[in-house]
Structures are given as C-alpha cells and as structure tokens.
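Have the structure open, try each task, and then compare your steps with the worked solution.

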Amino acid sequence: MLRTACIVAFYGFLRCGEFTVSKAAQFDPDINLCIEDVVFHTDLVVLKLKQSKTDPFRKGINIQLHKLGQLICPYKTLLEYIQVRKNFSPINQTDPLFITIDKKPLERQYFLTCIKKVLDLCGFNSSHYNGHSFRIGAATSAGKAKIEDHLIKTLGRWSSDSYIRYIRVTPASIKSAQNRLGRI
C-alpha cells in the first residue's frame with residue numbers, strides 16, 4: 001500500500017489530502033478516493049479525484065497514469081495493488097482506495113509517519129520531508145527532465161505559476177546554467 005501510494009502520489013502530482021483522510025472515521029466515499037475512482041484502460045489508468053484544491057465547483061478531475069514500461073510504473077503498481085487488495089479481502093467499489101493492514105482508510109498522519117520511518121531507515125533526514133514532498137519531488141524531477149513549464153503546470157493542476165516555487169534547484173544546476181551562459 002505504501003509503495004503504491006507513493007508512486008501514485010509522485011506520478012499524479014497529488015496533494016497528500018487527495019489520497020489520505022484526516023481521520024479514518026471521517027472517510028466519505030462521496031469525497032475521498034475509492035476503488036470506484038480507479039478505471040483501467042489498455043495503456044493507462046484514470047484516477048478520478050472527486051474534489052481538489054483547483055476544482056472549486058467539485059466537478060472532479062481525472063488524473064492519467066500511463067503504462068511506462070519502466071521499473072517504476074504507476075499503472076502496473078496500481079494494478080498489482082488492486083489485485084492484492086482483492087486477495088486480502090473482498091472489496092466494494094466505495095471502499096477507500098488506500099487502506100492500512102487493519103483495513104482502515106489511510107490517514108495522513110499514519111502515512112507521513114510511515115514515510116518518515118522508511119526515510120530514516122534509508123539514511124535520509126526525514127525532517128526535510130512532509131505531505132507536499134511528492135508534489136515538490138514531481139515538479140523538481142519534471143524540471144530536471146526538462147519537461148516544458150506548461151506541462152508541469154498541467155500535470156500538477158496548478159492554476160497559477162505557483163508551481164515554480166516547488167521546483168528545487170541545486171547549486172550544480174545553477175553552475176551548469178552559468179556555464180552555458182558563459183559560452184554564448
């Protein structure tokens with residue numbers, strides 16, 4: 001579950017609140033992400049967010065997660081997760097998409113605590129990470145991959161140019177840019 005949530009959050013540029021709940025008891029299938037909100041097609045899976053910060057009229061937003069044919073693939077990971085969920089216990093379409101081992105909806109604090117434990121185990125300073133880290137990481141990775149600005153804005157569903165502040169620029173990137181300027 002944790003692996004899938006991380007991969008989906010990254011490739012979907014998701015806000016933590018779009019795939020977690022504040023408290024398990026507050027899960028509402030009319031608002032929160034459910035099994036029914038995941039629709040598989042041949043080459044992509046569509047994740048339907050019923051509400052989002054940039055969707056003030058609550059029309060819903062479709063997030064496309066494509067088959068990538070790479071080691072980390074959001075389509076394949078989500079497909080495998082759904083299969084595990086079906087084997088774990090019977091599922092209803094209005095069940096939460098992400099659940100804990102005790103079958104409760106994934107709470108934001110539980111998710112962040114688990115992520116921080118994994119980061120600590122891997123030797124990273126977990127205090128540098130929070131609920132927005134997947135959006136920041138996705139935007140930064142997109143910038144590093146030289147994805148055009150308008151596509152980054154579209155992928156992250158930003159309605160303004162505020163996405164620019166999510167992109168982290170390393171000193172090496174600045175040096176490289178300055179080197180390129182020096183060659184003109």
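## Exercise 1: α1 against α4

In this predicted model, Cys6, Ala9 and Phe10 of α1 touch Phe134, Gly137, Ala138 and Ser141 of α4. Task: sort the residues of this contact by class, then describe how α1 and α4 cross.

Solution. 
- Step 1: sorting the contact of α1 with α4 by class gives 5 nonpolar residues, 2 polar ones and no charged ones.
- Step 2: find α1 at residues 2–11 and α4 at residues 133–144; their axes come within 8 Å and cross at roughly 50°.
- Step 3: for the handedness, α1 passes α4 in a right-handed crossing.

## Exercise 2: α1 against α3

Task: work out how α1 is oriented relative to α3, and which residues make the contact.

Solution. 
- Step 1: α3 spans residues 108–121, and its axis and that of α1 come within 11 Å, crossing at roughly 95°.
- Step 2: angles of 65 to 115 degrees count as roughly perpendicular, so α1 is roughly perpendicular to α3.
- Step 3: from α1, the contact uses Leu2, Ala5 and Cys6; from α3, it uses Phe111, Cys114, Ile115 and Val118.
- Step 4: by class, this contact of α1 with α3 has 7 nonpolar residues, with no polar and no charged ones.

## Exercise 3: α1 against α2

Task: is the crossing of α1 past α2 left-handed or right-handed, and how do the contact residues divide by class?

Solution. 
- Step 1: look for α2 at residues 74–88; the axes of α1 and α2 come within 9 Å and cross at roughly 145°.
- Step 2: the crossing of α1 past α2 is left-handed.
- Step 3: Arg3, Thr4, Ile7, Val8 and Tyr11 on α1 meet Pro74, Thr77, Leu78, Glu80 and Tyr81 on α2.
- Step 4: the class division for α1 with α2 is 6 nonpolar, 2 polar and 2 charged.

Definitions and conventions:
Residues numbered from 1 in each chain as written. Predicted model: local features only at pLDDT ≥ 70, side-chain atom pairs only at ≥ 80, totals over all residues. Heavy atoms only, no water. Axes fitted to C-alpha atoms, helices over the stretch in contact; angles between N-to-C directions. Helix = DSSP H or I, 4+ residues; strand = E, 2+ residues; numbered from the N terminus. Left-handed = near helix turned anticlockwise from the far one by under 90°. Contact = heavy atoms within 4.5 Å. Nonpolar A, V, L, I, M, F, W, Y, C, P; charged D, E, K, R; others polar. Parallel < 35°, antiparallel > 145°, perpendicular 65-115°, else oblique.
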